Amino acid sequence: MTKETRNSIVEELFGAIVDEAMNSKGDAYSGDGDVLSNFKRNAERLGLTPFQIWHVYCAKHEDTISNAIKDNPEFPHDKTEGLRGRIIDVITYHALLWCLLNDPDIQPQQEQID
């Protein structure tokens, strides 16, 4: 694969992360206000931290990717959403973890993380 092809694939993927996951799905999970409210609301409801909620949500997609690789190591695929969607979700959740780590409502006494 050439550098140009790789860059084109990654640019399309990152565009999909913002358009499909952050904006479309994010609105469904959090609404128009606090984009992290889903993690905070469920953490409070279950007596966990927002980071523990994040881990459960992210691990679900990572498990699906791992199972796809285990089931077909030569050319993995997901039978429901497709691996593209799972990869977009995992990258999105890692970006949201960074947001959680920098949310002053969660860690008000701690300086923002570099």
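**Salt bridges, helices and burial**

Modeller: A network of salt bridges links D34, K40, D103 and D105, where a salt bridge is a side-chain nitrogen of Lys or Arg within 4 Å of a carboxyl oxygen of Asp or Glu. This is a predicted model, in which local features need pLDDT of at least 70 and side-chain atom pairs count only at pLDDT 80 or more, whereas totals for chains, interfaces and linings use all residues. Residues are numbered from 1 along each chain as its sequence is written, and side-chain values use heavy atoms, with hydrogens and water left out.

Colleague: Which side chains meet in a salt bridge with an N to O distance of 2.7 Å, and where do they lie?

Modeller: In general, side chains of opposite charge can pair when their charged atoms come close. Here the side chains of D103 and K40 meet at 2.7 Å, N to O; because D103 lies in the segment after α4 and K40 in helix α2, the pair ties together parts that are 63 residues apart in sequence. D103 is buried, with a relative accessible area of 8%, buried meaning under 20%, exposed over 50% and partly exposed in between, with a 1.4 Å probe and protein chains only.

Colleague: How many salt bridges are found in the whole structure, and which residue pairs with R84?

Modeller: The search of the whole structure finds 6, and one of them joins R84 to E12 at 2.6 Å, N to O. R84 lies in helix α4 and E12 in helix α1, so this pair ties together parts that are 72 residues apart in sequence. R84 is partly exposed at 37% relative accessible area, and E12 is partly exposed at 43%.

Colleague: Are the partners in the salt bridge of D78 and R86 buried or exposed?

Modeller: Their side chains meet at 3.0 Å, N to O; D78 counts as buried at 14% relative accessibility, and R86 is buried at 7%.

Colleague: What elements make up the chain, and in what order do they run?

Modeller: Helices (H or I, at least four residues) and strands (E, at least two) are DSSP runs, numbered from the N terminus. The chain has 4 helices and 0 strands, running α-α-α-α from the N terminus on.

Colleague: Which residues of helix α2 are buried, and against which helices do they pack?

Modeller: An α-helix has 3.6 residues a turn, so residues three or four places apart point the same way. In α2 (residues 37-46) the buried residues are S37, N38, F39, K40, N42 and A43, and they pack against α1, α3 (50-71) and α4 (83-101). N38, for example, is buried with a relative accessible area of 6%, and, not counting residues up to four places away in sequence, N38 touches Y29, S30 and Y57, a contact meaning heavy atoms within 4.5 Å. After α2 comes G47, whose phi is positive, near 70°.

Colleague: What share of the residues of the chain counts as buried, and what share of the contacts joins residues 24 or more positions apart?

Modeller: Of the 114 residues, 32% count as buried. Residues 24 or more positions apart account for 54% of the contacts with a separation of 6 or more. The C-alpha atoms fill a box of roughly 45 × 30 × 25 Å, taken along the principal axes.
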